[in-house]
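Reader: I'm new to this, so please take a close look at one part for me: the charged side chains and how they pair up. Walk me through it slowly.

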Amino acid sequence: MTEPEKDKPKENKQGRIRTVYSNIVRIGHSPYEFMLDFGQFQPEGKKAFMDVRIIVSPQHAKAILKALGENVAGFEEKHGKIGVSPDDAEEDADTDWRPKRR
């Protein structure tokens with residue numbers, strides 16, 4: 001029996017990368033690091049299964065935030081605005097990556 005295509009490791013210049021699908025992320029932090037737990041929420045069982053924890057420095061977290069914001073903006077420029085829910089077709093405040101000023 002062959003391994004399903006989605007479970008096969010991806011090849012890149014550094015070697016194999018394990019690919020995991022995620023539709024939920026939990027983020028926490030301490031004074032020294034950010035923890036990002038990625039997993040899958042399954043609404044039929046109303047459970048979330050966390051599969052992967054990535055731990056990065058605060059500086060790396062900020063660099064990831066910037067890179068992700070730039071990539072989302074580029075994606076939307078090419079493919080159109082990303083909606084988070086059906087109600088946000090006009091305005092999508094959840095994807096404003098800049099911190100709110102008080």
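Author: **Charged pairs, one by one**

Let's start with lysine 66, which is exposed, with a relative accessible area of 57% (buried is under 20%, exposed over 50%, and partly exposed in between, using a 1.4 Å probe and protein chains only). One caution first: this is a predicted model, where local features need pLDDT of at least 70 and side-chain atom pairs count only at pLDDT 80 or more, while totals for chains, interfaces and linings use all residues. Residues are numbered from 1 along each chain as its sequence is written, and side-chain values use heavy atoms, with hydrogens and water left out.

Lysine 66 makes a salt bridge with glutamate 70, their closest N and O atoms being 3.4 Å apart (that means a side-chain nitrogen of Lys or Arg within 4 Å of a carboxyl oxygen of Asp or Glu). Since they sit four residues apart in helix H1, about one helical turn separates lysine 66 from glutamate 70 (helices are DSSP runs of H or I with at least four residues, strands are E runs of at least two, and both are numbered from the N terminus). Glutamate 70 is partly exposed, at 48% relative accessibility.

Aspartate 37 bonds to arginine 26 in a salt bridge, with 3.2 Å between the closest N and O atoms. Aspartate 37 is in strand S4 (residues 34–42) and arginine 26 in strand S3 (residues 24–29), so this pair ties together parts 11 residues apart in sequence. Arginine 53 also forms a salt bridge with aspartate 37, the closest N and O atoms being 2.6 Å apart. This second pair links strand S4 to strand S5 (residues 47–56), across 16 residues. Put together, Arg26, Asp37 and Arg53 are linked in a network of salt bridges.

How open are these three? Aspartate 37 is buried, at 6% relative accessibility, arginine 26 is partly exposed at 47%, and arginine 53 is exposed at 52%.

Glutamate 76 is buried but has no salt bridge, and the nearest side chain of opposite charge, lysine 81, is 4.4 Å away (Lys and Arg count as positive, Asp and Glu as negative; His and the chain ends aren't counted).
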